[in-house]
Amino acid sequence: MSIPISTSSLVQPEVRPRRRSRLSPPLLIAFALGAFLVLSAVRAFTGGNDLTSSGTIAAGLSAAVPIGLAGLGGLWSERAGVVNIGLEGMMILGTWGCAYLGWEHGAWAGLVFGTLLGAAGGLVHAVATVTFGVDHIISGVAINIIAPGLALYLTKVTFAHYPGGGQKQSPPIDDAGTITLPFADWLHTVEDKHWFAVSDLAGVLGGLVTRLSLVTVLALLVVLASAWILWRTAFGLRLRSCGEAPYAAESLGVNVYKYKYIAVVVSGALAGFGGAALAIAAHQFRDGQTGGRGFIGLAALIFGNWRPGALAAGAGLFGYTDAIQLRSSSAVHPLLLLMAIALALVAIWQWRSGQRAIAAVAVVIAVLAVFWYVDTDRVPDELVGTTPYVVTILVLALASQRLRMPKADGRVYRRGEET
């Protein structure tokens with residue numbers, strides 16, 4: 001006797017994949033406007049005019065350029081599946097290379113040579129990781145160890161006997177040139193009025209259009225060009241496929257080795273460009289000049305979820321906090337209140353996302369920041385210099401939770417040997 005079985009009971013309900021939410025342009029504009037109004041309110045409440053002054057914005061943009069270029073270098077490399085933590089060392093090569101030609105032949109010659117030296121560092125990393133299969137972290141650490149010692153040795157050999165040079169620094173480098181838009185003076189006049197929002201907007205715009213370095217303009221164009229190449233061209237699609245599924249790309253005729261080499265060399269060139277920009281901004285090479293900016297660039301890359309636009313925003317955040325602590329130690333104190341508000345918003349976001357423990361930690365830190373602000377008049381000078389690094393840790397620990405790195409990032413690739 002057969003027992004009838006309903007086929008409907010065997011049919012599983014269709015499970016639709018959960019779509020990853022992406023911020024639309026109107027939502028991004030609303031978010032940026034809200035953040036700006038909060039910043040203006042904190043400036044007006046605390047009297048910390050340096051928070052939105054044109055000088056701070058200009059200094060923040062200058063500080064963000066090397067960080068953003070280092071992060072962009074990491075983006076190129078990791079999108080092709082090669083982890084590059086040697087960005088710091090490649091930046092150091094860029095700073096020294098810029099000084100080597102820059103002090104005699106001008107900033108632009110130095111910029112080109114610094115970029116080429118960074119590319120050479122990228123080539124070394126590519127040979128080690130792509131050709132010989134060396135662990136990506138080990139290769140990057142080796143570059144970070146060798147590059148500072150090499151740069152210091154070359155400095156002693158090359159610059160010690162020239163005017164303005166020394167055992168740990170180069171002679172002065174000329175500026176690469178700046179541009180100032182005609183309405184900059186009017187913006188500064190409005191900024192000095194200290195009106196809510198209006199003067200803050202004038203300060204931000206004034207910092208962006210007053211004595212804007214041509215190197216900064218070139219760096220912004222490089223960011224836009226990289227985004228277009230990687231996401232709007234067939235070349236970029238093939239390169240990104242090497243970081244997602246290299247064996248599938250190989251089966252479609254993509255020369256994975258070639259694209260990995262190109263990506264890592266470009267990565268080194270961008271890091272060298274960032275180092276050269278740092279040397280030009282300081283008008284000379286100095287030992288220890290990068291100050292960990294290559295690693296902060298990697299943090300900006302992770303914060304930006306391996307996307308150029310968000311990466312640039314992360315670099316801007318770190319550059320801004322760096323500029324705040326460099327311009328005025330008193331301006332760091334109002335930053336505590338701003339940080340508390342930002343952490344409260346992060347807590348709300350994480351709570352709604354189901355990350356209750358992270359939201360609780362963010363609330364605790366926000367409350368502590370408020371108490372610190374209310375109970376003190378200024379941040380101790382010993383802690384002021386740590387501001388950019390504290391912001392880096394907080395952002396990565398509390399805000400960057402839904403990350404999606406390239407699937408094959410860091411894996412050794414061997415043609416025809418998929419496991």
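User: Which residues are linked in a network of salt bridges?

Analyst: This is a predicted model, where local features need pLDDT of at least 70, side-chain atom pairs count only at pLDDT 80 or more, and totals for chains, interfaces and linings use all residues. Residues are numbered from 1 along each chain as its sequence is written, and side-chain values use heavy atoms, leaving out hydrogens and water. A salt bridge is a side-chain nitrogen of Lys or Arg within 4 Å of a carboxyl oxygen of Asp or Glu. The network is made of Arg79, Glu244 and Arg404.

User: How many residues apart are arginine 404 and glutamate 244?

Analyst: A salt bridge joins the side chains of arginine 404 and glutamate 244, at 2.5 Å from N to O. Glutamate 244 is in helix 9 (residues 234–244), and arginine 404 is in the segment after helix 17 (387–399). Helices (H or I, at least four residues) are DSSP runs, numbered from the N terminus. The pair links distant parts of the chain, 160 residues apart.

User: Is arginine 404 buried, partly exposed or exposed?

Analyst: Buried means under 20% relative accessible area, exposed over 50%, and partly exposed in between (1.4 Å probe, protein chains only). Glutamate 244, at 22%, is partly exposed. Arginine 404 has a relative accessible area of 26%, so arginine 404 too counts as partly exposed.

User: How many salt bridges does the structure hold?

Analyst: One of them joins aspartate 200 to arginine 43, with the closest N and O atoms 2.8 Å apart. That pair links helix 7 (residues 198–209), which holds aspartate 200, to helix 1 (residues 25–46), which holds arginine 43, 157 residues apart. Aspartate 200 and arginine 43 are both buried. The total for the structure is four.

User: Which helices do aspartate 322 and arginine 293 lie in?

Analyst: The side chains of aspartate 322 and arginine 293 form a salt bridge, at 3.4 Å from N to O. The pair ties together parts that are 29 residues apart in sequence, because aspartate 322 lies in helix 13 (residues 308–327) and arginine 293 in helix 12 (residues 293–303). Aspartate 322 is buried at 8%, and arginine 293 is buried at 16%. The helices asked for are helix 13 and helix 12.

User: How many residues of helix 12 are buried?

Analyst: Among the buried residues of helix 12 are Arg293, Ile296, Leu298 and Leu301. Helix 12 is largely enclosed by the rest of the structure, because its buried residues number eight of the 11.

User: At what angle do helix 2 and helix 12 pack?

Analyst: Two packed helices are described by the angle between their axes and the distance between the axes. Axes are lines fitted to C-alpha atoms, for helices over the stretch in contact, and angles run from 0 to 180 degrees between N-to-C directions. For helix 2 (residues 54–79) and helix 12, the axes are 7 Å apart and the angle is about 60°.

User: What does that make helix 2 relative to helix 12?

Analyst: Angles under 35 degrees count as roughly parallel, over 145 as roughly antiparallel, 65 to 115 as roughly perpendicular and the rest as oblique. Residues of helix 2 in the contact (heavy atoms within 4.5 Å) include Pro66, Ala70 and Leu75, and those of helix 12 include Gly294, Gly297 and Leu301. Relative to helix 12, helix 2 is oblique.

User: Which residues does serine 226 touch, not counting residues up to four places away in sequence?

Analyst: Serine 226 lies in helix 8 (residues 214–232). At 5% relative accessibility, serine 226 is buried. The residues it touches are Leu72 and Trp76.

User: Which residues is threonine 216 in contact with, leaving aside its neighbours within four places in sequence?

Analyst: Threonine 216 is also placed in helix 8. Its relative accessible area is 8%, so threonine 216 counts as buried. Its contacts are Leu61 and Val65.

Definitions and conventions
Helices (H or I, at least four residues) and strands (E, at least two) are DSSP runs, numbered from the N terminus.
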